[in-house]
Amino acid sequence: ARRVRSMFDAIAPTYELVNRLASVGLDAGWRRSMVRLAGIRPDDRQLDVACGTGDVCRTFAAARPAPARIVGGDFAGRMLEEARTRNNDRIVWCQADALALPFADQSFTLVTCAFGVRNFQSLETGLREMWRVLQPGGRAIILEFGLPSTPMMRRLYHLYFTRMMPWAATLLSRDRSGAYRYLPRSVLSFHDQAGLASHLRQAGFGEVAMFPLTRGIVSVFRAHR
């Protein structure tokens, strides 16, 4: 956990720019898919776990309708500093460890997380925490990397993701922490889509549904408490 925190602190200033370039601009559409699948209600109280620099929070704040209250939580202080520079009256920022969220049981009706759960030191604990702070009937919306569904796409993606992207991202960000060498390893060693869905059910969630995007490069998971 300390290493992950230090890596994200190191890349915070260029985080959003590199994400946009590395995903060829697709990241914005993936966040809009989270909004669409969340089925936002005007009285929703949202927690975005591992919020980073706040791009998911801002996407939800711009939705119509938007949640009544949005809290962005992350354990990397420099990520939150970047988030606060782009503040929005609807959003409250909070330093928070996903494995021990500083919120009472059933505090939120919507919990979101984009590209964060694979970095949890304990996936089981993190998902249980997300379940704990949700009200009954609340929804969890998780966006996470996967692998393309076809063999040819998978080979091309593997070449780009393990060789070209880390080199370009490291150059653009001037990163010395190894964050962009860690990224492909964290994705390739993480559970597949079916495995993450299974972990959500084990954490107590029901009605778990998976929505692959961009040929399976990422998927949105929707689960209910």
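The dialogue below tests the terms used for this predicted model against their definitions.

Student: What kind of model is this, and which residues count?

Tutor: This is a predicted model: local features need pLDDT of at least 70, side-chain atom pairs count only at pLDDT 80 or more, and totals for chains, interfaces and linings use all residues. Residues are numbered from 1 along each chain as its sequence is written, and side-chain values use heavy atoms, with hydrogens and water left out.

Student: Why is T112 called buried?

Tutor: Buried means under 20% relative accessible area, exposed over 50%, and partly exposed in between (1.4 Å probe, protein chains only). T112 has a relative accessible area of 0%, so T112 is buried. T112 sits in strand β4.

Student: What makes β4 a strand?

Tutor: Strands are DSSP runs of E, at least two residues; helices are runs of H or I, at least four; both are numbered from the N terminus. Strand β4 covers residues 108-114.

Student: Why is β4 said to be largely enclosed by the rest of the structure?

Tutor: Seven of the seven residues of β4 are buried, so the strand is largely enclosed.

Student: Which residues does T112 touch?

Tutor: Contact means heavy atoms within 4.5 Å. Not counting residues up to four places away in sequence, T112 touches M34, Q46, L47, D48, V49, V56, F60 and I141.

Student: How do you know that β4 pairs with β1 and with β5?

Tutor: Two strands pair if DSSP finds at least two bridges between them. Three bridges join β1 (residues 45-49) to β4, in parallel. Six bridges join β4 to β5 (residues 134-145), also parallel. L110 of β4 is the bridge partner of Q46, and L110 stands opposite R139 in β5.

Student: Why is R139 called buried?

Tutor: R139 has a relative accessible area of 3%, so R139 is buried. Among the contacts of R139 are T109, L110 and V111.

Student: What makes a β-α-β unit right-handed?

Tutor: View it with the strands pointing away from you: the path from the first strand over the helix to the second must run clockwise. β4, helix α6 (residues 123-133) and β5 make such a right-handed unit. In α6, L123, G126, L127, E129, M130, R132 and V133 are buried. Their cover includes β1, β4, β5 and α9.

Student: How do you know that β2 and β3 are paired?

Tutor: Five bridges join β2 (residues 69-74) to β3 (residues 91-95), in parallel. I70 stands opposite I91 in β3. The chain crosses from β2 through helix α5 (residues 77-85) to β3, in a right-handed β-α-β crossover.

Student: What makes R64 to P65 worth a remark?

Tutor: Most residues other than glycine have a negative phi, and most peptide bonds are trans. The bond from R64 to P65 is cis, with omega near 0°. P65 lies in the loop between α4 (55-61) and β2.

Student: Which residues have a positive phi although they are not glycine?

Tutor: V24 is one of them, at about 55°. E207 has a positive phi of about 50°.

Student: Why are V24 and E207 called exposed?

Tutor: V24 has a relative accessible area of 71%, so V24 is exposed. V24 lies in the loop between α2 (15-22) and α3 (26-38). At 64% relative accessibility, E207 also counts as exposed. E207 belongs to strand β6 (residues 206-213).
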